[in-house]
Amino acid sequence: MLFCIYCLDKPGHEHIRAATRAEHLEYVAKLDGIIVGGPLLSDDGGRMIGSMLVVDLPDRAAAEALVAGDPYTAAGLFESVMIRPYKKVLP
């Protein structure tokens, strides 16, 4: 099942994202089921303000486990995390 995982960083926590980014990238590189993912950007494109992933996983519990295991989560980066079932229509 496809899920969209949408995470917004806590304001003023750019230093946490920067300090944890390499560990986060190592973590996601080892995961199965990622369809697309990357950082969310500020309106001017100059700062990373969150993360978005579309993943193909067996169930919501697996999506929650993916988020729970992310170094960004352990570092307390995220202000909010939304996990929603997703239906790919295009292309």
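Modeller: Two strands are said to pair if DSSP finds at least two bridges between them. Strands (E, at least two residues) and helices (H or I, at least four) are DSSP runs, numbered from the N terminus. The model is predicted, so local features need pLDDT of at least 70 and side-chain atom pairs count only at pLDDT 80 or more, while totals for chains, interfaces and linings use all residues. Residues are numbered from 1 along each chain as its sequence is written, and side-chain values use heavy atoms, with hydrogens and water left out.

Colleague: What makes β1 and β3 a pair?

Modeller: Strand β1 (residues 2-9) and strand β3 (residues 48-56) are joined by seven bridges in the antiparallel sense, and the criterion asks for at least two. Within β3, G50 stands opposite L8. β1 also pairs with strand β4 (residues 78-85), again antiparallel and over seven bridges; there I5 has I83 as its bridge partner.

Colleague: How do you know that β2 belongs to the sheet, and which strands are its edges?

Modeller: Strand β2 (residues 34-41) pairs with β3 in the antiparallel sense over seven bridges. Bridge partners include V36 with V54 and I34 with V55. The four strands form an open sheet in the order β2-β3-β1-β4. β2 and β4 are called edge strands because each pairs on one side only. The twist averages 10° from one strand to the next, where axes are lines fitted to C-alpha atoms (for helices over the stretch in contact) and angles run from 0 to 180 degrees between N-to-C directions.

Colleague: How do the helices lie against this sheet?

Modeller: α1 lies across β1, β2, β3 and β4 and runs at about 10° to β3. α2 packs on the sheet, touching β1, β3 and β4, and its direction makes about 155° with that of β4.

Colleague: Why is C7 called buried?

Modeller: Buried means under 20% relative accessible area, exposed over 50%, and partly exposed in between (1.4 Å probe, protein chains only). C7 has 4% relative accessibility, so C7 counts as buried. C4, at 19%, therefore also counts as buried.

Colleague: Why is D9 called buried, and what does its side chain meet?

Modeller: D9, placed in strand β1, has 10% relative accessibility and therefore counts as buried. Its side chain makes a polar contact with the side chain of R17 at 2.7 Å. That term requires a pair of N or O atoms within 3.5 Å; within protein, one must be able to donate a hydrogen and the other to accept it, and residues adjacent in sequence count only if both atoms are side-chain atoms.

Colleague: What makes a set of residues a nonpolar core?

Modeller: Such a core is a set of buried Ala, Val, Leu, Ile, Met, Phe, Trp, Tyr and Cys residues joined through side-chain atoms within 4.5 Å. The largest has 14 residues, and those with the most contacts inside it are I5, V55, A63, L66 and I83. β1, β3, α2 (60-69) and β4 each give two or more residues to this core. Leaving aside neighbours within four places in sequence, V55 is in contact (heavy atoms within 4.5 Å) with residues including I5 and L66.
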